[in-house]
Amino acid sequence: MPPALRRYLVVVETVNRAVGRVLVWSIFLLMGLLLWASIARTALDAPLVWSVELAQFLLVAYFLLGGGWSLLADAHVRMDLLWARWGGRGRAFADSITALCLLVYLAVMLVGGVGSTHYALSFDQRNYSAWAPPLAPIKIVMVVGLVLMLLQAIAIFLRDLGRLRGWRLPEPPAP
Amino acid sequence: MSHEAIALLLFSGMMLMLLTGQRVFAAIGFVASVATLALWGTGGVEIPFNAAITVMNWYALVTLPLFVLMGYVLAGSGLADDLYRMVHVWSGGLRGGLAIGTIVLMVLVSAINGLSVAGLAIGATIALPAMLQRGYDKLMVTGVIQAGSTLGILIPPSVVLVLYGMIARQPVGHLWLAGILPGLLMATLFVLYVLLRCRLQPHLGPPLPAEERAAIPRREKLVLLRAGLWPLAIFALMIGLFVKGVTSLVESAAVGALAALVVTGLKGRLTLAFLEDCARKTLAVSCMFLWIITAALAFGAVFDGLGAVKAVERFVIGQMHLEPWQVLVLMQLSFLILGTFLDDTAMLVIVAPLYIPLVRKLGFDPIWYGVLYTITCQIAYLTPPFGYNLFLMRAMAPPEIRLTDIYRSVAPFVAIMLVTLLIVGLFPQIALWLPRLVYTR
């Protein structure tokens with residue numbers, strides 16, 4: 001395969017794998033936050049005003065930043081009634097065409113995300129709550145997640161294309 | 001083109017894209033994205049992204065990764081092995097006893113887990129080899145495990161009922177309590193079926209030989225019963241704190257995950273490698289579900305923009321002149337048919353907003369309808385071509401169990417689920433009695 005594409009595959013997949021490896025631990029952070037919040041409210045009688053929103057931010061960061069890794073780990077279900085019967089080459093062919101679905105959806109998500117972040121930054125958008133956190137930081141995290149995902153979707157497309165063309169592909173990293 | 005025609009076009013477009021075998025979330029998200037751009041131009045470009053913001057604001061969704069984590073931790077905690085040994089010695093002597101024991105095991109696992117994944121993992125790794133080794137029929141074995149594990153979404157805690165509660169704006173506590181009796185009813189019907197079938201055809205589930213049973217002293221049998229206390233304790237802690245209002249829904253999910261970790265620690269299995277493995281599976285499954293929800297919400301927003309809710313209402317109430325119960329039967333039938341093709345989460349997010357206003361308008365109790373919907377989801381998990389449990393079973397089952405076995409094995413259990421659906425449909429009290437009892441005191 002062309003060296004530039006090969007380098008792209010290696011870099012994108014390494015980055016997404018590294019992000020995923022760190023991100024998996026954040027579930028314990030989320031758990032700890034919620035336990036702390038319930039103890040603070042019931043036992044210490046000092047409710048945290050920011051726990052609910054922080055948990056929401058963590059969740060959305062979790063699955064958006066994890067999106068690229070989840071594509072790498074092939075974690076998404078397909079309706080494989082026909083797909084499962086097509087064999088390796090047939091699947092690569094179908095996927096290289098329907099990769100358009102993934103790319104278009106993620107591109108629209110990204111464009112929307114950039115617009116929404118721009119708005120949040122320009123008008124200092126905040127949640128209507130006691131804590132009133134600014135929304136721009138989490139939106140920036142979401143956009144970063146979408147970029148990682150889009151890069152990984154392109155990497156998947158390149159792999160399918162390579163399979164069809166008989167390129168020698170680099171070994172994908174274990175997720 | 002009329003709005004109804006566009007809505008129909010979108011729906012068939014989605015079905016077609018799903019058939020290509022592209023990832024479910026990408027197929028749904030693609031149709032939604034193209035539709036927003038085609039209908040509303042660049043003004044609609046933020047709709048798919050705003051769906052992710054909606055996911056963020058649905059606070060109850062935070063329970064999802066926590067329940068997934070809890071399920072994976074418990075599946076590897078060693079607790080399930082103890083539970084299986086318990087049901088093994090207590091019911092193994094009956095004809096089909098191990099299958100019945102597996103159903104009891106699934107009820108216990110369902111009470112500490114909100115999805116069917118953990119039940120299936122436990123069933124496929126622990127109960128399945130044990131039963132095959134003792135000469136149980138493979139169709140009986142795979143059927144029991146697949147059907148039993150779906151109880152995870154009906155018996156609280158249930159992630160499906162959390163999702164339903166968000167969409168229907170119903171309290172999750174009521175929904176969870178409403179799921180208990182129908183869940184136990186369904187489990188009882190499963191047990192009766194196995195008993196009857198194995199009485200008529202004893203080779204399907206031979207009893208354990210008498211000498212194997214005699215080898216276990218009574219004292220040890222009683223000690224094994226203690227294993228059953230763990231799930232009950234976790235259930236009481238988690239659901240009790242929540243129903244009493246001490247912890248919020250999301251916090252109780254964190255309590256459950258912590259309890260699972262503590263039990264694993266007590267069993268001496270809490271290693272860093274185990275934690276990382278669970279955390280990785282949790283991220284994978286959570287991403288899968290949350291991305292389907294995000295894409296389906298974008299699709300639902302387009303549908304909503306087209307006025308599909310009003311159109312369905314006008315059509316069903318205004319033009320079809322049906323009795324309320326006939327509408328209900330039609331809705332369930334459409335869910336059953338859609339459920340064979342479509343992922344149940346996507347089905348809930350896209351279709352439920354169309355149906356729930358109708359349910360209210362016709363004077364039905366939305367709590368009761370949530371239970372009916374969940375039973376329909378259980379059936380959807382098992383019916384080919386698209387069913388989560390079919391996927392998972394295929395991935396986990398040993399090679400001697402072929403795909404056709406997996407498909408055939410679910411048939412009798414799907415029939416029992418339909419019977420349960422009918423019974424709960426005819427007697428709403430089965431679902432509504434418990435929440436009314438607990439919440440009116």
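Predicted model: local features only at pLDDT ≥ 70, side-chain atom pairs only at ≥ 80, totals over all residues.
Turning from surface to interior, 49% of the 175 residues of chain A count as buried.

The secondary structure of chain A consists of five helices and zero strands, which follow one another along the sequence in the pattern α-α-α-α-α. The radius of gyration of chain A is 20 Å, whereas the globule rule gives 16 Å for 175 residues, and because the value for the chain is well over that figure, chain A is more spread out than a compact globule. Taken along the principal axes, the box that the C-alpha atoms of chain A fill is roughly 65 × 35 × 35 Å. Among the contacts in chain A between residues at least 6 apart in sequence, 71% join residues that are at least 24 apart. As for charge, chain A carries 15 positive and 9 negative side chains, with the centres of the two sets lying 10 Å apart.

In chain B, one residue can be followed in detail. B:Leu94 is placed in the loop between helix 5 (79-91) and helix 6 (97-110) of chain B. With a relative accessible area of 42%, B:Leu94 is partly exposed, since that class covers values between the 20% limit for buried and the 50% limit for exposed. Leaving aside neighbours within four places in sequence, B:Leu94 is in contact with B:Ile100, B:Tyr136 and B:Pro207. B:Pro206 lies 112 residues from B:Leu94 in sequence, yet the two are 8.0 Å apart in space, C-alpha to C-alpha.

Definitions and conventions: Residues numbered from 1 in each chain as written. Chains lettered and ligands numbered in written order. Heavy atoms only, no water. Helix = DSSP H or I, 4+ residues; strand = E, 2+ residues; numbered from the N terminus. Rg over C-alpha atoms; globule rule 2.2 N^0.38 Å. Buried < 20%, exposed > 50% of the residue type's maximum accessible area, 1.4 Å probe, protein only. Contact = heavy atoms within 4.5 Å. Lys, Arg positive; Asp, Glu negative; His and termini not counted. Charge placed at Lys NZ, Arg CZ, Asp CG, Glu CD.
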